[in-house]
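Here are my notes on this one, as numbered points. Have the model open while you read.

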Amino acid sequence: MTGGYGTGADILHDCTVAVNKGEIAVIVGPNGAGKSTAMKAIFGMLTMRSGQVSIDGEDITNLSPQDRVAKGMAFVPQNQNIFTSLSVEENLEMGAFLREDDISETMHQVFDLFPILKERRKQAAGELSGGQRQQVAVGRALMTQPKVLMLDEPTAGVSPIVMDELFDRIIDVAKTGISILMVEQNARQALEIADKGYVLVQGENRFTDTGSNLLSDPEVRKSFLGG
Amino acid sequence: MDILHALIVLANFIIVPAIAYGSQLALGALGITLVVGVLRFSNFAHGETMAFGTMIVILMTWLFTAIGLSIYPLPTALLALPFGIIGCIAIVLLTDKFVYKFYRKAKSTPVVLVMASLGVTFIMNGLIRFIIGPGDQRFADGARFIIKARDFKTMTGFKEGLAIKVTQSITLVTAIIVVAALFWFLNKTRTGKSMRAYSDNEDLALLSGINPERVVMITWIIVAILATVAGTLYGLDKTFKPFTYFQLLLPMFAAAVVGGLGNPVGAIVGGFIIAFSEISFTYAYKKVFTYLLPADWAPTSLVQLLSTDYKFAVSFSILVLVLLFRPTGLFKGQST
Ligand SMILES: Nc1ncnc2c1ncn2[C@@H]1O[C@H](COP(=O)(O)OP(=O)(O)OP(=O)(O)O)[C@@H](O)[C@H]1O
Ligand SMILES: [Mg+2]
């Protein structure tokens with residue numbers, strides 16, 4: 001993928017990311033590397049100069065974000081990823097907006113995954129703590145029953161304990177056969193659970209390997225994991 | 001001292017009229033606040049939208065009267081209301097298609113849309129004057145009073161009368177029904193929730209597969225319904241005059257801002273705050289004080305804070321005060 005915002009300069013330069021079914025792929029890199037931009041590009045939220053996006057072998061480069069939702073993609077953006085004035089339950093319902101079938105089963109699964117959400121389901125999502133909000137955000141995305149779940153820094157601003165919790169839940173989700181494409185600031189922990197890792201620098205792929213290989217690569221350790 | 005008579009005077013000249021006027025403002029402010037919440041601009045053409053819907057109601061009322069259709073003692077306008085609503089929906093959707101949609105696609109800033117709505121105001125204004133003329137139209141037929149002042153006096157034996165007009169009670173009942181339906185729609189239906197979601201977080205609504213064009217269309221339809229109902233109720237209660245409807249923009253915006261732009265509950269509360277302020281600041285309290293004070297203290301002046309000519313100054317002052325000290329309004333709203 002090559003592209004940027006509107007008519008501005010290119011931010012991504014021939015950047016490639018991919019994830020296999022049921023696996024976890026993690027994108028790491030310094031601030032401003034274009035990680036969030038790459039996620040938005042995959043979701044069709046910015047103009048691409050060249051490159052393509054496909055899911056299940058089907059080319060979806062020209063689809064709108066809504067149509068990509070219908071194709072099985074779900075995205076939890078880095079910021080403003082919940083409807084603050086809607087209740088937790090309504091947030092989940094909106095996640096399932098495109099679905100015509102019965103959503104109560106999926107909602108149960110989300111509540112099983114994040115029991116606190118069930119407790120708080122009548123409360124406005126904006127009144128929850130940071131960690132709980134991230135759970136709402138992930139829950140909302142899961143409601144579409146996606147094939148690929150894209151998470152942009154799901155653990156931003158949550159305590160280490162909650163972070164471990166969230167990573168465990170993300171592994172649980174991957175085990176159900178959903179592919180996870182995740183941007184993470186906590187590179188070390190994220191790469192530990194990653195099947196595949198991408199180190200992005202200035203909109204380009206710098207390193208691509210399995211999570212454990214990246215973790216043991218001395219150069220990656222030195223420049224991106226702080227030794 | 002005669003508290004009871006003072007209260008009856010207050011009820012007759014302030015409370016009853018302000019409840020009716022407040023309901024009309026609330027319905028108008030709801031339309032404004034929905035446009036702010038979903039389309040993210042202040043719609044200056046809202047007064048004209050109300051006038052347009054009401055105009056069609058009046059034309060249909062004339063037609064029905066001509067062919068002898070009537071629902072006495074209720075005003076014929078109620079029968080014509082659905083046609084007014086349909087006409088208003090049509091004009092509002094056409095305006096969106098040919099004006100606002102362009103700016104939406106271009107992702108214009110709110111101020112550009114506000115200016116576009118000002119242009120729409122002038123065009124609709126011309127259209128309305130062309131069709132029905134600039135003059136005053138009285139179209140409230142049917143019975144005039146539920147309780148006449150004189151009947152109230154003979155019934156209760158009080159010296160003061162309390163009159164309740166049919167149009168006032170129709171206003172209140174209709175407003176309650178419309179508001180209840182609106183809140184049911186916004187809070188209980190999937191489409192209504194998607195409207196709130198879109199208003200809350202546009203980008204995330206997109207990510208959830210909510211179609212923005214559909215949300216926009218439904219919003220305009222609801223706005224047209226609210227505007228036509230508000231305009232018709234106001235016209236029944238007072239009279240219909242295109243310029244008056246343009247002037248209503250000020251108290252309606254004040255109501256929406258007082259309550260918090262984008263917040264439906266706020267718009268309703270704001271409507272009543274503005275209505276009660278406008279009427280109580282411009283009412284002459286001489287009679288009330290005459291009842292309350294000992295005979296030799298009775299006021300000789302009118303005891304009126306502001307002449308009724310200044311009623312718009314009341315809305316304007318409240319608007320400015322709120323914008324200065326609490327720009328997001330009483331209930332949390334946007335501060336644009
Ligand atoms: N909406 C936008 N419009 C224009 N440029 C943007 C926009 N968002 C981000 N950028 C630019 O794109 C570049 C990459 O930003 P991006 O948000 O993708 O970084 P990131 O890798 O996600 O960083 P972080 O770790 O801080 O989240 C930055 O130079 C930024 O200034
Ligand atoms: Mg980012």
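**Notes on a glutamate and a ligand site**

1. Start with A:E90, which sits in helix 3 (residues 88-95) of chain A; helices here are DSSP runs of H or I with at least four residues, numbered from the N terminus. Bear in mind that this is a predicted model, where local features need pLDDT of at least 70, side-chain atom pairs count only at pLDDT 80 or more, and totals for chains, interfaces and linings use all residues. Residues are numbered from 1 along each chain as its sequence is written, chains are lettered from A and ligands numbered from 1 in the order in which they are written, and side-chain values use heavy atoms, with hydrogens and water left out.

2. A:E90 is buried, at 11% relative accessible area (buried means under 20%, with a 1.4 Å probe and protein chains only). Its side chain comes to 3.0 Å from the backbone nitrogen of A:S87.

3. Across in chain B, A:E90 touches B:N187, B:K193 and B:R196, leaving aside residues up to four places away in sequence (contact: heavy atoms within 4.5 Å).

4. Now ligand 1: 13 residues surround it, the closest being A:N31, A:G32, A:K35, A:S36 and A:T37 (a residue counts if one of its heavy atoms lies within 4 Å).

5. An oxygen of ligand 1 is 2.9 Å from a polar backbone atom of A:G32, and an oxygen is 3.5 Å from a polar side-chain atom of A:E153. A nitrogen of ligand 1 lies 3.3 Å from a side-chain N or O atom of A:Y5. Taken alone, ligand 1 exposes 640 Å², and the protein buries 59% of that (Shrake-Rupley method, 1.4 Å probe).

Technical notes. A polar contact is a pair of N or O atoms within 3.5 Å; within protein, one must be able to donate a hydrogen and the other to accept it, and residues adjacent in sequence count only if both atoms are side-chain atoms. Helices (H or I, at least four residues) and strands (E, at least two) are DSSP runs, numbered from the N terminus. Buried means under 20% relative accessible area, exposed over 50%, partly exposed in between (1.4 Å probe, protein chains only).
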